[in-house]
Amino acid sequence: MEADDVSLDPATYSSTNKYYKTFANYVKVAVDCGTWSSGDAKNKPPVCFNYKYVDGKLTYGGTYKTLDGAGFNETLLDDGQLVLMDGTNLMFENQTASRIFVTVDLNGFKTPPNRAGYDLFTFQFLDGELRTMGSKGTAYSVETYCNPKGSNQYNGIACAHKAKNDTEYFKWAVKNIK
């Protein structure tokens, strides 16, 4: 994107000018699932994130869990979703004009455990870079948001940084996260 002189500044992308649509031009996409509010969730292929209609209203599917096993706040996954050729789900959040998050479900949402910090990792565009959530300057700190004893709706969102820097992290995760 940078080589093509495409903006990496989150302020460039608004709720109507979705970052995920631009990003899709730079990866091999099998399915563009759209956004939560795009109105076509009824017709999404089964590989798309678990949006569903309940009593005629579009709702989240309750697919993802936090590091400690509670329900993950899926509103951070609703501003665009792409499924790559290998089944990896990329979910985007244009949280504000200054924040873009990219969350990766390594094995797709249909394959458990669907846990933040285990197979679900979040990154933030900051200063022209895609940084692991939890690194300096990102929205969520490792201490609070990658804590197996913590309990909040985003617990596990900052584990990408811990996984990147701790060579024993995945051994710990396999042993301790069920």
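Cys146 and Cys159 are both buried, where buried denotes under 20% relative accessible area, exposed over 50% and partly exposed in between (1.4 Å probe, protein chains only). The model is a predicted one, in which local features need pLDDT of at least 70, side-chain atom pairs count only at pLDDT 80 or more, and totals for chains, interfaces and linings use all residues. Residues are numbered from 1 along each chain as its sequence is written, and side-chain values use heavy atoms, with hydrogens and water left out.

The structure contains one disulfide, defined as a pair of cysteine sulfur atoms within 2.5 Å. This bond links Cys146 to Cys159, with an S to S distance of 2.1 Å. The torsion about the S-S bond of Cys146 and Cys159 is about 105 degrees, and the disulfide is therefore right-handed. Because Cys146 lies in the loop between α2 (142-145) and α3 while Cys159 lies in helix α3, the pair ties together parts that are 13 residues apart in sequence. Helices (H or I, at least four residues) and strands (E, at least two) are DSSP runs, numbered from the N terminus.

Confidence is expressed as pLDDT, the predictor's confidence in each residue, from 0 to 100. The protein chain averages 84, and 83% of the residues score at least 70. Within the protein chain, helix α3 (residues 159-165) has the highest confidence, at 96, and strand β2 (residues 52-54) the lowest, at a mean of 57.

Leu120 is located in strand β7 (residues 120-126) and counts as buried because its relative accessibility is 2%. Contacts of Leu120 (heavy atoms within 4.5 Å), not counting residues up to four places away in sequence, are made with Tyr64, Met91, Thr103, Val104, Asp105 and Arg115. The C-alpha atoms of Leu120 and Val104 are 5.6 Å apart, with 16 residues separating the two along the chain.
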